[in-house]
Amino acid sequence: MTYRAPINDILLSLNHGAGLAAAVEAGHYGDFDGDITAAVLEEAGKFASDVLAPLNRVGDEHGIKLDNGKVTTAPGWPDAYQRWTAAGWNAVSGPEAFGGQGLPLAVNAACTEIWSASNVAFGLCPLLTLSAIEALDAHGSAELKKTYLEKLVTGEWTGTMQLTEPNAGSDVGALRTRAERAPDGTYRIKGTKIFITYGEHDMTDNIVHFVLARLPDAPSGTKGISLFLVPKFLVNADGSLGERNDIHASGVEHKLGMHASPTCTMTMGDKGGAIGYLIGEENQGMRCMFTMMNQARLGVGLEGVGIADRAYQQALAYAQERRQGKAIGHKSDGMDPIIVHPDVKRMLMQMRSMTAAARTICYATAVALDVSVRAKDAKVRAEAAARGALLTPIAKAFSTDIGNEVAYLGVQIHGGMGFIEETGAAQHYRDARITSIYEGTNGIQSIDLVTRKLGANGGASVWALLDELAAVVKQVETSNDPAFGTTGAKLRDAHAALERTSKWLLERLASAPNEALAGATPYLRLFAATLGGCMLAGEALAAKANGEAEPPRYVALARFFAENIAVQAPSLEKTVTESAEAVTGADAVLAG
């Protein structure tokens, strides 16, 4: 089956769950007209269904080919990309001064979900270009912006992010790529980078690489890393392309999934060194790179949402058509569709509710990042920046975990046919797996949440968010709507568990940091389960208040999540607060 963007679900999540409508009403988005959001997303959905979705299977089957340093993408890929840029999709949230449309990041986040759902391997390319745009716009010189930014914003050129090396993965400070100063103010870059997404391809005539490297006199570790812009082709003074730079793809990876996305080994320095241009200041590359990484982490979270929604749509269609067994109490002749069986209903509801929760968490992150740069009031901007920083690791880790779990359930609903490539369910499962690994593993995200984000500003961002969630719980309880079932009580228990666990972790960070780190991953899950449950309940309340066409559907979704997912929060609290020693004392078991 093809993909259809769930526009109504997306709009409810974006406007009410994530707070876009309230932020627009508060004036944080300037003269942005929120009414155009639906029109933009409708067109994005059409492009995704008509152009990108049909290429998803094609790309998986054909993959990419490397020949003499040149990568050929799957049939239809270059044409689809040209249609993509011609329609202006790469420029949705780009700065207007450089050819962008200037729309909110939140709107582009919804589009990113749609691209990821229809064809995640394709959507990876513009996702990284968006991150490159952010870094160049924030840290690049006026001259570099003039030369490169408009080409990146319009999508005429694409961007990459080059961090990883054979001996430097999560520990970026261990990288060995070298940068040497040249007399003309440029730099010569020598080294090898691995796992570089879209490091080489045939969809554009130039690729702009953002490369981390170390100067000869740089301090050790991450304090001695600089960021350089290294184009595939040098650019002449008139903007035309010049000679080929000393950077090329020396290999491509053969992967579990994402077959249509070229993952390259990039080699620099075979001919004296690739010419690079400093972004920001020397030895300040990590600060610049984090601008890229935070955007990319949200984008990867949205990949998880997109894959999950695509897997859900396919599983739902299959469950409605596949006939097997008879439902209890049914008298009709023949077998019934498997969707009538309670366990299949449970799996489908689990898929849909978890996808919806992850979606809203990602959108809320985008709204916070928008407000952090768009709001007029400095205090509002600062609070929004802190909220965005808090939510980013949750959005990345939870949403990609959900992408994996939902794709797993999609295979399960298909039964034996899910294990067969022809149905497509297996591709979603394979494609999802990388999302919890790249752009910072989910374990790294959990550590970031506990060690950096939880205690920032004395925990002010966490307590402010908890106050907002408590207000939602109270609204559910006072609504006296029997359709909510025990939603209010379950969310109140989850909220209390999150509050207690947050305080416990803050205490342990000071006195027993390894105990805190042992519980980092279950804490992130506890946080996300509580946050997602309250957000879905808030959306259901908004649907009821605004006279949405199907408020009972959203109430039922919120109830399922609260009674099946958020209900796990108290148990996760015990895992964090009572089981640390089972981890810290495991050396004897793990010794061999």
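Trainee: Which hand does the crossing of α1 and α8 have?

Mentor: This is a predicted model, in which local features need pLDDT of at least 70, side-chain atom pairs count only at pLDDT 80 or more, and totals for chains, interfaces and linings use all residues. Residues are numbered from 1 along each chain as its sequence is written, and side-chain values use heavy atoms, with hydrogens and water left out. Helices are DSSP runs (H or I, at least four residues), numbered from the N terminus. A crossing is left-handed if the near helix is turned anticlockwise from the far one by less than a right angle, and right-handed if clockwise; that of α1 and α8 is right-handed.

Trainee: Which residues of α8 make the contact with α1?

Mentor: Contact means heavy atoms within 4.5 Å. From α1 come D9, I10, S13, L14 and G17. Their partners on α8 are R352, R359, T360 and Y363.

Trainee: How are α1 and α8 oriented to each other?

Mentor: Axes are lines fitted to C-alpha atoms over the stretch in contact, and angles run from 0 to 180 degrees between N-to-C directions. The two axes lie 9 Å apart at an angle of about 45°. Under 35 degrees counts as roughly parallel, over 145 as roughly antiparallel, 65 to 115 as roughly perpendicular and the rest as oblique. α1 and α8 are therefore oblique.

Trainee: Which helix gives the largest share of the lining of the second largest pocket?

Mentor: A pocket is an open set of points on a 1 Å grid where a 1.4 Å probe fits, with protein on both sides within 12 Å along at least five of seven lines; lining residues have an atom within 4 Å of a point. This pocket is lined by 36 residues. The largest share, 8 residues, comes from α12.

How values were computed. Helix = DSSP H or I, 4+ residues; strand = E, 2+ residues; numbered from the N terminus.
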